[in-house]
Every structure is written in structure tokens, then in C-alpha cells.
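Subject: Structure handover

Hello,

Here is the structure for you to look over. My notes on it follow below.

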Amino acid sequence: MAKYNITADSRDLLAKVSDVSTDTEYFSPIPNGYKKGQTRYVIVMGTVMSGLGKGIFASSMAKLMQDKGLRVAPIKLEGYLNIDSGTLNPFRHGEVFVLDDGMECDMDLGTYERMLDKDLSSANFSTSGQIYSSVLRKERHGDYLGRDVQMIPHVTGEVKLKLRRLAMASEADIVFVEIGGTAGDLENAFYIEAMRELAYEEGPGSCCFVGLTYILEPQALGEQKSKAAQLGIKQLMQMGIQPDIVACRASNPVSEQARQKISVFSNVPYERVFSMHDCPSIYTVPAMLRDCGIDFEVIRLLGIEDRIDLRAERRAWAKWSDFTDKIESEKREVTIGITGKYTSVRDSYASIINALEHAGILLGTKVKIKWIETTEIAADNADELLADVDGIIVPGGFGTRGTEGKIACVKYARENDLPYLGICLGFQTAVIEFARNVCGMKDANSTEVDPECKQGVIDILPEQKKIEGLGGNMRLGGRDIKIKKDTKAWELFNKAESARMRFRHRYEVDPEYIDTFEDKGMVFSGKAPNQPIMQILEIPSHPFFMATQAHPELTSRPIRSQPFFAGLVAAAGRKRYPTENLPQFLDAAREICFR
Ligand code: GLN
């Protein structure tokens with residue numbers, strides 16, 4: 001289990017509500033000072049199948065509410081027993097998203113942070129593992145006063161407690177609860193039961209239930225079929241949940257007839273059964289919801305018309321529309337190659353894809369991605385594989401597979417002026433390549449790949465080795481980076497002295513070799529403020545060769561692109577269109593990242 005720290009801020013907020021009274025017959029622990037009915041809850045559940053985009057719906061709706069001046073706090077409830085997502089294989093479950101406080105969580109938290117342009121914390125994420133472990137801890141501590149500990153009310157009580165604590169700590173008008181998986185899964189059933197209880201306890205008008213469903217359109221029939229959706233919603237009703245809103249996912253706009261059928265079978269008024277069909281970018285989903293008026297349906301259902309600020313909404317919407325209007329109207333196109341182990345599943349690189357999309361939209365450049373399977377790269381075919389890309393990213397990763405292929409890509413990029421962005425493992429790969437091919441250190445490697453190597457330029461540092469036995473040796477979460485003056489990084493970050501990014505790594509550059517690298521022309525332009533940990537590197541003589549030990553993709557936001565991605569896309573544009581005199585990458589980054 002990886003450790004995570006709660007930031008001072010969220011610790012204060014959570015401490016405020018840590019006193020809990022449990023002296024009711026029903027055992028529904030309510031934080032002291034909690035006012036029922038103050039915070040409203042929007043609860044989003046999936047039917048028919050998973051992967052429908054509950055997070056996209058919930059975050060889009062939360063954005064529309066935030067735009068109206070309401071305070072919103074999202075929470076994702078995962079069914080799995082892992083305490084966090086740190087140990088999950090991205091190939092099976094999508095990328096591991098890291099929050100500023102070091103929580104390793106589901107990739108949906110990334111969607112919320114991007115849509116809401118807000119940093120979240122461990123209070124916004126829970127797993128069954130967290131809920132159960134808290135119940136078991138309390139049981140050992142004797143907190144249940146002689147009662148037998150049961151799924152209902154104790155486990156469901158723990159879920160409600162978590163939500164109410166979040167409501168208090170965030171002072172939210174609306175808490176958005178997204179339940180992972182699909183209604184009918186055994187592992188999520190207690191969450192749904194907890195929501196039924198919550199709605200009853202909080203009182204009428206306090207909760208709005210949204211059932212996300214899927215409308216089939218079999219090719220052989222050529223028409224939309226709503227039966228699976230009806231059955232899925234029935235399943236929710238059997239669990240005591242009457243949806244207030246049904247969101248119909250589908251490839252094409254959902255027909256009137258299908259919506260009418262769903263309305264009849266699920267007791268949901270027709271105007272609250274709406275189509276959420278596929279669209280060119282997830283960033284156009286808020287507009288889709290707004291166009292069918294579903295945001296105001298939610299406001300009316302929750303009875304909070306008096307809390308909204310329509311002027312604030314007009315301003316926020318104008319800003320957002322400026323961004324979305326640029327989608328699909330890009331004038332240029334670049335291709336960025338991404339190397340990596342999990343290339344067959346795009347969810348494993350969701351944040352990188354998003355970060356490229358943000359930079360591309362803001363720079364009027366469509367970014368195409370070419371996935372490069374590194375195990376297919378040999379020393380002599382990198383030029384073939386990379387001939388048609390305008391820039392390359394070597395992303396984060398663990399283990400040894402494909403390392404030599406990645407090193408071959410870095411060599412090609414460095415020698416051929418191909419814009420390069422190295423992320424975490426891609427930073428380490430850049431160091432190894434430079435050590436081998438520029439500094440003549442033939443045996444250079446990372447001790448993660450070859451524990452016995454003679455020149456371990458990437459290694460676990462002594463102070464970290466000491467804590468290895470304690471199981472907390474991953475460096476996780478947001479950290480400040482001190483930026484060296486008059487470097488590309490310094491320019492890229494608008495001449496700031498420091499920048500904050502998120503980390504998730506165990507290995508780093510062995511400081512013993514730094515002088516050798518700097519003598520040969522590599523500059524370490526970002527370092528940890530008080531430790532010799534190298535965090536950004538660049539090669540000044542190359543048009544764009546930059547890498548960071550951090551994960552810049554995690555903090556890129558739609559209307560505020562992350563400078564590394566803005567820089568890469570701009571540099572790739574200049575390479576692809578040499579005669580057009582496009583803005584230098586530094587100017588482009590300044591313009592779209594620091595407006
Ligand atoms: N495996 C490397 C390390 O542990 C890189 C980690 C990463 O890319 N997230 O340091």
C-alpha cells in the first residue's frame with residue numbers, strides 16, 4: 001500500500017468534522033455540526049454496462065453548477081478492495097491518477113480536475129477497501145459498543161459518513177457522487193443501498209439520482225433499441241432507487257421513441273430522459289447538457305434556484321465557449337509519437353492524450369497520435385518508425401520491457417532535432433541515452449532495469465533506500481520545483497522561479513554524475529528546492545529537447561495548457577511547417593499557458 005499525505009488544508013477541514021455522534025438507534029454516524037439538507041447530493045449510477053462515461057457526465061454537470069456560482073465537490077466511490085489505485089495495472093484499469101496530496105486514484109479524478117479546473121484530494125476518492133478497513137479498525141477499537149457489525153447499518157453508515165464529511169469540509173452546495181461499475185454488481189451494491197438511505201435521511205429534494213444507460217443500435221436492425229436500458233433502470237428501482245434523470249448514452253442522438261419508452265417504463269418525465277450521444281470531444285458534453293436544459297432540471301429538483309448567480313455563469317460560459325469553439329476548427333496538424341508499454345489501451349495514457357488535446361486546441365493545431373510499440377524498435381529502425389512524426393513523447397512507466405527501444409527513440413530525437421518530451425521514465429531514459437552516447441559511458445543504465453549495472457546513472461538514492469523497508473519509498477504527489485534562471489524551462493514557465501508538478505517515482509538521477517552531464521551540454525534546469533533531486537532537463541542546442549521527472553500531464557487543464565505540452569506542440573508545428581514562421585515555442589507557451 002502506498003502512503004499518501006493529506007495536505008495541511010484538507011487536514012484542517014477534515015479535522016473540523018472528525019467528531020462523530022453515533023448514538024442513534026439506526027446507527028447513522030453524522031459529523032457533529034452537520035446540517036441535514038444544507039448540502040444537496042447528485043448521485044450518478046451506471047446501468048447496462050460500465051465505461052459509459054459516468055465521470056464525464058458527472059464532471060460536466062458539476063462544471064455547469066460551478067459556473068452558476070455553486071460550490072461543488074465530487075467524489076468517486078470505487079467497488080474494488082484495494083485501498084488506492086497505486087497497485088492497479090493501467091492496462092486493466094486505465095492510468096493511475098495522482099492528486100496533489102499524493103493519493104493514487106482512478107483516472108476519473110483527472111476528468112473532474114480538468115473539467116472543474118480544481119485540485120482535488122483524498123477526500124474526493126474512496127474504495128470499498130477504504131470503507132471496510134475503516135469499519136474493521138473501529139470494530140477492533142470497540143467503537144460499535146457491543147453490537148454485531150453488519151453491512152447495514154455499519155458499512156453503509158461509513159459510506160454516508162464519508163460523504164457528509166466531504167460536504168462539511170468543502171462547504172459544498174452540491175456533492176456529486178459517482179458510483180463505479182454498474183448497478184447489479186455485487187461489489188457496488190452496498191454503495192447503492194447507502195445512497196437510498198442517504199436520500200431518506202436527508203429528506204425530500206435533497207438528492208437527485210441520475211441513471212446512465214446505454215441505447216443499443218444493432219447494425220442489422222438499423223434502429224435504436226431501448227430494452228437493455230429499461231432493464232438496467234428496473235434494476236436500480238429494485239434496489240429502491242427511483243431515478244430522477246436518465247442519461248442515454250448512444251452512438252447517435254437518441255430518438256424520441258426510445259426516450260418515450262424509457263420515460264414510460266421508468267417513471268421519469270420525458271424531458272428528463274435525454275440523449276448523451278457520442279461527440280467529437282468530451283469538452284463539448286457540458287454544452288450538450290446545457291442545450292437540453294438538464295442543468296436547470298437538476299437545480300429545480302434540488303430546490304436551489306435561490307443560490308445561483310446567472311451573471312457569473314455568463315462570464316464562465318463565455319470563457320469556456322472560447323475554448324470549445326476552437327475544437328474541430330484547427331488549421332494545422334502535427335503527429336506526435338508516443339512510445340510505451342501499454343499502447344494498446346488508450347486509457348493508460350488518458351492524461352497525456354488530454355494534455356496534447358488542450359495544447360493543440362489552444363494553438364489551432366490538430367494533434368494526431370502515433371503509438372509506437374517499443375519492443376518493435378531495434379537500434380537500426382528507429383528512423384523508419386519516427387520518419388513521419390513531428391515530435392515524440394516517451395511517457396512514464398515501470399519495469400524493463402521496451403527500455404532499449406525507448407533509448408533508441410531518444411537517440412534519434414536528439415540527433416535529428418526532433419522535438420522531444422520525456423516524462424518521468426522518459427526523463428530517466430534521456431539521461432541514460434546521453435550518458436551512453438554523448439558522455440561515452442557505455443554501461444550506463446537504470447538500476448531498475450539492470451540492478452547490477454556498473455554505471456547506475458539512474459538509481460534509488462541512499463536516503464530512499466533506507467525507507468524502502470517501510471514500504472513508503474515512492475515519491476508521490478505535488479512538489480515544488482526550483483527553476484534555474486535563463487534556461488528554456490525558466491522561459492517556458494514564464495520566468496517563474498518555481499513551478500509545482502506532481503510526482504510518482506522511485507528512481508532518480510544519481511547526483512554523482514551531474515557534473516559530467518552538464519560539462520557535455522545537458523542542463524538540469526529544475527531541481528527539488530532542498531535536495532539534490534533533478535527534476536527538469538534540457539539540451540539548449542536542440543530546438544526542443546526537454547524532460548521532467550514529474551508528470552506534467554496531470555496538471556494540464558483545458559483552458560490553461562501545461563507549458564511542456566504547449567512547448568512540444570508548438571515546436572512540432574514549427575518543424576512540420578518550416579516556411580510559415582509560426583511562433584517560437586516559448587511565445588506560444590506564454591500565450592496559451594499564462595493568459
Ligand atoms: N519506473 C521509474 C521510477 O520508479 C519511473 C516511474 C514513472 O515513470 N512514473 O522512478
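**Overall build**

The protein chain has 21 helices and 23 strands. Helices (H or I, at least four residues) and strands (E, at least two) are DSSP runs, numbered from the N terminus. This is a predicted model, in which local features need pLDDT of at least 70, side-chain atom pairs count only at pLDDT 80 or more, and totals for chains, interfaces and linings use all residues. Residues are numbered from 1 along each chain as its sequence is written, and side-chain values use heavy atoms, with hydrogens and water left out.

The radius of gyration of the protein chain is 25 Å, which agrees with the value near 25 Å for a compact globule of 595 residues. That radius is taken over C-alpha atoms, and the globule rule is 2.2 Å times the number of residues to the power 0.38. Along the principal axes, the C-alpha atoms fill a box of roughly 70 × 60 × 50 Å.

Of the 595 residues, 58% count as buried. Buried means under 20% relative accessible area, exposed means over 50%, and partly exposed lies in between (1.4 Å probe, protein chains only). The accessible surface comes to about 24,700 Å², and 48% of it belongs to carbon and sulfur atoms. These areas come from the Shrake-Rupley method with a 1.4 Å probe; for residues, only the protein chains shown count as cover.

Among contacts with a separation of 6 or more, 73% are between residues 24 or more positions apart. Contact means heavy atoms within 4.5 Å.

**Salt bridges**

How many salt bridges does a search of the whole structure find? It finds 40. The criterion is a side-chain nitrogen of Lys or Arg within 4 Å of a carboxyl oxygen of Asp or Glu.

Start with Arg-502 and Glu-113, whose side chains meet at 2.9 Å, N to O. This pair links distant parts of the chain: Arg-502 is in strand S19 (residues 498-505) and Glu-113 in helix H4 (residues 108-116), 389 residues apart. Both Arg-502 and Glu-113 are buried.

Next, Arg-560 and Asp-117 form a salt bridge at 2.4 Å, N to O. They too link distant parts of the chain, 443 residues apart. Arg-560 sits in the loop between strand S23 (545-548) and helix H20 (563-576), and Asp-117 in the loop between H4 and strand S7 (125-127). Arg-560 is partly exposed at 41% relative accessible area. Asp-117 is partly exposed at 31%.

Then take Asp-443 and Lys-454, a salt bridge at 3.9 Å, N to O. Asp-443 lies in the loop between helix H16 (425-437) and strand S16 (444-446), and Lys-454 in the loop between S16 and strand S17 (455-459), so the pair ties together parts that are eleven residues apart in sequence. Asp-443 is partly exposed at 39%, while Lys-454 is exposed at 69%.

Shared partners also join salt bridges into one network: Glu-113, Asp-117, Asp-119, Arg-502, Arg-557 and Arg-560.

H2 (residues 54-67) has 14 residues and reaches 20 Å from its first C-alpha to its last, close to the expected 20 Å at 1.5 Å a residue. The expected span is 1.5 Å times one less than the number of residues. Twelve of the 14 residues are buried, including Phe-57, Met-61, Leu-64 and Met-65. Just after H2, Gly-69 takes a positive phi of about 85 degrees.

Thr-47 is in the loop between strand S3 (40-46) and H2. Thr-47 is buried, at 1% relative accessible area. Beyond neighbours within four places in sequence, its contacts include Leu-52, Thr-182, Leu-212 and Ile-233.

**Ser-266**

Ile-233 also contacts Ser-266, as do Met-237, Gln-242 and Val-246, again leaving aside neighbours within four places. Ser-266 lies in helix H9 (residues 256-266) and is buried at 2%. A polar atom of the Ser-266 side chain lies 2.5 Å from the backbone oxygen of Ile-262.

**Backbone geometry to check**

Most residues other than glycine have a negative phi, and most peptide bonds are trans. A cis peptide bond joins Ile-152 and Pro-153, with omega about 15 degrees. Pro-153 lies in helix H6 (residues 151-170). Glu-171 has a positive phi near 50 degrees, in the loop between H6 and strand S8 (174-179). Asp-486 has a positive phi near 60 degrees. Asp-486 is in the loop between strand S18 (475-483) and helix H18 (488-492), and is exposed at 64%.

Best wishes

How values were computed: A polar contact is a pair of N or O atoms within 3.5 Å; within protein, one must be able to donate a hydrogen and the other to accept it, and residues adjacent in sequence count only if both atoms are side-chain atoms.
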